[in-house]
Each structure stands twice: as C-alpha cells, then as structure tokens.
Amino acid sequence: MIRLDHGSAVPPFEQIRLQLDGLIRVGALPPGHRLPPVRQLAGDLSLGPGAVARAYLELEKAGVISTSRRGTVVRDGQATSAGVAHAASDYATTSREAGLTEDEAVAALRALWSASPLRTSASRRATREDQEMT
C-alpha cells in the first residue's frame, strides 16, 4: 500500500501522509476503510511508530480520517470524481513511461496548472472535435 523512498528529502511521515491522502482521494481507500494500526504500519515500513502516528494526526487534522476506539478509518466525502481519478492514473502511467520521476511529473503538472485557463468539459470536447476535423 505505502512505499517509502529512503533517499528522498521528504520525511517519512510526509511520504506516508501524501500517499494515504492520494489513495483516499482517488477512491482506492473508500469511506469506512480501516487503516492499519500505527504499530502495524510502522513495523511493515520498518519505521518507528512516531512517523506513522504523525502522518495519521495530520490526516485527522485535515478531516480525511478519524480515529476512535474501533481504529482509524477513512471519512466520508474524501474521494475525487471517477473522471479525475482516471485522468490522474493516466497521467501517472504516461509520466512513468516517459521516464519522469514523481517530482518531475508533479512539477510539470504544477506548471500546467498555473499556466492553463480554467476550461469546462464542454470546451475541452469542442477543442478536441475541432482538432479532429483538421
């Protein structure tokens, strides 16, 4: 479920937080899904429990998960639309196939995000149809 890059400058707790948040946002971890206990995930990742506990705490502060006596679960309403999840998956696959690192793919997306005007689905379809006609 979670993979750590021990050579990364990103701290382990942040890698865990980012990956769990991503899995939740794309619906891979649905509402009500129980996350592993802190000690179990820490053991699986060969980390101290503090890193996992901090990742869970940050996700809880953001309202993504909730913790009770029953454990830590994904809260309702956290997933993005299926279309966004599909597009993100396609982008990740294409980026990997092109030989980009995760950081390079994210940097490319950020550059496009700020440079691209907001377009609706209808305007994207119209643009594609115009391009197909030429």
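Ser66 sits opposite Val73 of strand β3. This is a predicted model, in which local features need pLDDT of at least 70 and side-chain atom pairs count only at pLDDT 80 or more, while totals for chains, interfaces and linings use all residues. Residues are numbered from 1 along each chain as its sequence is written, and side-chain values use heavy atoms, with hydrogens and water left out.

Now for the sheet around that pair. Strands β2 and β3 (residues 71-74) run antiparallel and are joined by 4 bridges. The sheet is open, with 3 strands in the order β1-β3-β2 and antiparallel pairing. Since β1 (34-35) and β2 (65-68) are at the edges with a single partner strand each, one side of each has no neighbour in the sheet. Strands count as paired if DSSP finds at least two bridges between them; helices (H or I, at least four residues) and strands (E, at least two) are DSSP runs, numbered from the N terminus.

Helix α3 (residues 49-61) lies across β1, β2 and β3, at about 115 degrees to β2. Contact here means heavy atoms within 4.5 Å. Axes are lines fitted to C-alpha atoms, for helices over the stretch in contact, with angles from 0 to 180 degrees between N-to-C directions.

On to the charges. Searching the whole structure turns up 2 salt bridges, each needing a side-chain nitrogen of Lys or Arg within 4 Å of a carboxyl oxygen of Asp or Glu.

| Salt bridge | Closest N and O atoms |
|---|---|
| Arg17 with Glu14 | 2.7 Å |
| Arg25 with Asp21 | 3.2 Å |

Arg17 and Glu14 are 3 residues apart in helix α1 (residues 12-25), so about one helical turn separates them. Arg25 and Asp21 also both lie in helix α1, 4 residues apart, about one turn of the helix. Arg25 is partly exposed because its relative accessibility is 26%, whereas Asp21, at 18%, counts as buried. The cut-offs are under 20% relative accessible area for buried and over 50% for exposed, with partly exposed in between (1.4 Å probe, protein chains only).

The largest pocket holds about 2500 Å³. Of its 41 lining residues, Ala88, Tyr91, Ala92, Val106 and Leu109 are the closest to the centre. The elements giving two or more residues to this lining are α1, α4 (82-97) and α5 (102-115), and α4 gives the most, with 11 residues. A pocket is an open set of points on a 1 Å grid over the protein atoms alone, where a 1.4 Å probe fits, with protein on both sides within 12 Å along at least five of seven lines; lining residues have an atom within 4 Å of a point. Grid points are joined across faces, edges and corners, and the volume is the space filled by probe spheres set on them.
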